[in-house]
2 protein chains.
Amino acid sequence: MPEFRQNFATKEWVIIATERARRPDSFSHNPGERRNPPPFDPQCPFCPGNEEKTPAPVFQISQNGRWALRAVTNKFAALREDMDTQRSHVGLFLKAGGHGIAEVIIETPAHDLNPATMTPECFRNVVEAYRNRYNSISRQEKVELISVFRNHGPRAGTSLEHPHSQIIATPIVPPHIRDPIFQARVAYDTFGSCIYCEMLAEERRQKERVVMENDLFLAYCPFASRSPFETRIIPKVHHSSFGRIDDQEVTAFAQILQEVLKKIYIGLDNPDYNYIIRSAPVSESDVKHCHWYTVIAPRLTTPAGFEMGTGIFINVSYPEQCAQFLRDVKT
Amino acid sequence: MPEFRQNFATKEWVIIATERARRPDSFSHNPGERRNPPPFDPQCPFCPGNEEKTPAPVFQISQNGRWALRAVTNKFAALREDMDTQRSHVGLFLKAGGHGIAEVIIETPAHDLNPATMTPECFRNVVEAYRNRYNSISRQEKVELISVFRNHGPRAGTSLEHPHSQIIATPIVPPHIRDPIFQARVAYDTFGSCIYCEMLAEERRQKERVVMENDLFLAYCPFASRSPFETRIIPKVHHSSFGRIDDQEVTAFAQILQEVLKKIYIGLDNPDYNYIIRSAPVSESDVKHCHWYTVIAPRLTTPAGFEMGTGIFINVSYPEQCAQFLRDVKT
């Protein structure tokens, strides 16, 4: 029977469409679609030897005298640091300078790796770079919001094969972020607790949507998942801002994120996906009602006119079944 | 230079990313991707002769003793009319019965047509069916929101070739709809006018984003377009609800919508697209601060992690250039 489910934190609804429900194992790729990039591509701007094709690194991790990870300013950035944030009007309409910071994290010299296939040390470097860049960028005066994300494959919006993540910082907190924060504030004022801490505790109580956990993080398919295999990773220790995580949490976050990505890679045959670290705005880094988390969204189905028009997503899978499927994948 | 632009009505922001801006004519399809469906497909459930594969029509237009358009209940509906709207809790989480109405409008018996290639009479039938079904469904007691939309092509989320539109009615008004209505209410209380009427007047004053107009409707690429060639069609006469349009408006809306779709079909080589008629919730059908309109969104670029995380869309084209390109397409 179809049902509506409400996102506990944002109050958005999804439809679990059981009339067209698909079994979790029906989502794996046609093997023909799988990517097999070469270990080195002389044309790739991120491959070793082509360092002059990118700006000088703003952060780098070296091993054995060679770079192991590089963070650089995005040459094809949607926003630029040298723009101002000045508002001006075009008739009645408002615009602002395209100020922002856009960086690319080149995760490894190897062209053919991805988080599911790189070593744990290598992926810990990636998370270390996220934290370093997050905290460094957050000290820029105009920055209000910092988004760390990874696009994997063309259906997820990237054509670049070389393993990389991105960071975009904006001088604006948009309604899409502000409205859920308002909901979280209302919940805090009503119940005296962080709604994300409550959700985390409830998912641990109910267990059936938990994919895995370690000492410091929980990975689960949310009750109101918008799409098949949507998985969230949430810190057990309340932090509003991703930038606040300590060394132990960096290690534990890298471990659980890599493990979930491995389960997705193996269980679903390397699908395209996005993941996004959603952190509170910089000026709300220590509030009690926000709680950073990561959303992993494999791109297995296509949102259509209904989703665009209403924001209600039709999910053709049960989050409970997706979680069980991922729990059972051996890595 | 990149810039932020604010949606005048919803206060959402977009980034016009001029560093990677593309010329409007760079978006047309690779000809190899074009669809050439057959005029009749014996396997297609919507083709003549296969009427028993769909439920009995809830609305039909006949010509010369044959059906010219049929509206039927969606057999693979995400929501069902026989479900209730009862809320219940799963632990702390809220769910509701999957009540709703889902219909398919089979626009013509011909398998290979689409709005850009069908006759004006045929497309007027489609809009007539939209109005008929909208008003009929709006009389159902549990219905709060009715979405009329069309998905064209696989990138727009449909695998069915036969020309069809869809209607989904829900017993819920989600935050995605409610929040912009709240903004519109605030604007009304501040300025004493409908913010959509103001936007319409401003776009007519500025002219450069206007694609075309007729006596009753304006088609334009919004100042804060989220994606290349996003086009809106808005009625010049203030109506909160699509269901309120009269016969003259049905004709004029069909004319301008078909003409814009023809320009997109010809100018961009038949790209996949969604269009959505966004109408006020049923119980707000006659308010002064809402204003129905239609969004046409060709699927030419792929939203990625940043868009999912922030709701800020990066648009790699100038709406002004897209509008000029569409104005210049001869139909």
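At what angle do helix α1 (residues 120-138) of chain A and α4(A) pack, and how far apart are their axes? In this predicted model, the two helices meet at an angle of about 120°, and 9 Å separates their axes.

**Packing of α1(A) and α4(A)**
- Since angles of 65 to 115 degrees count as roughly perpendicular and those over 145 as roughly antiparallel, the pair α1(A) and α4(A) is therefore classed as oblique.
- The crossing that α1(A) and α4(A) form is right-handed.
- On the α1(A) side, the contact is made by P120(A), F123(A), R124(A), V127(A), E128(A) and R131(A), while α4(A) contributes residues that include V250(A), F253(A), A254(A), L257(A) and L261(A).

**Buried residues of α6(A)**
- In helix α6 of chain A, which spans residues 319-328, the residues P319(A), E320(A), C322(A), A323(A) and L326(A) are buried.
- Because these residues cover an arc of only 165° around the axis, they lie on the same side of α6(A).
- The partners against which the buried residues of α6(A) pack are the strands β1 (3-6), β2 (13-16), β10 (210-213) and β12 (231-235), together with helix α4 (247-267), in chain A.

- Chain B is superposed on chain A by a rotation of 180° with 0.0 Å of shift along its axis, at an RMSD of 0.0 Å, which is the relation of a two-fold axis.
- Within chain B, the C-alpha nearest the axis belongs to D179(B), at 4.1 Å from it.
- Both copies use the same surface, in that 100% of the contact residues of chain B recur in chain A.

Technical notes:
Residues are numbered from 1 along each chain as its sequence is written. Chains are lettered from A and ligands numbered from 1 in the order in which they are written. This is a predicted model: local features need pLDDT of at least 70, side-chain atom pairs count only at pLDDT 80 or more; totals for chains, interfaces and linings use all residues. Side-chain values use heavy atoms; hydrogens and water are left out. Copies are superposed by least squares on the C-alpha atoms of residues with pLDDT of at least 70 in both. Contact means heavy atoms within 4.5 Å. Buried means under 20% relative accessible area, exposed over 50%, partly exposed in between (1.4 Å probe, protein chains only). Helices (H or I, at least four residues) and strands (E, at least two) are DSSP runs, numbered from the N terminus. The arc is that of the directions from the helix axis to the C-beta atoms. Axes are lines fitted to C-alpha atoms, for helices over the stretch in contact, and angles run from 0 to 180 degrees between N-to-C directions. Angles under 35 degrees count as roughly parallel, over 145 as roughly antiparallel, 65 to 115 as roughly perpendicular and the rest as oblique. A crossing is left-handed if the near helix is turned anticlockwise from the far one by less than a right angle, and right-handed if clockwise.
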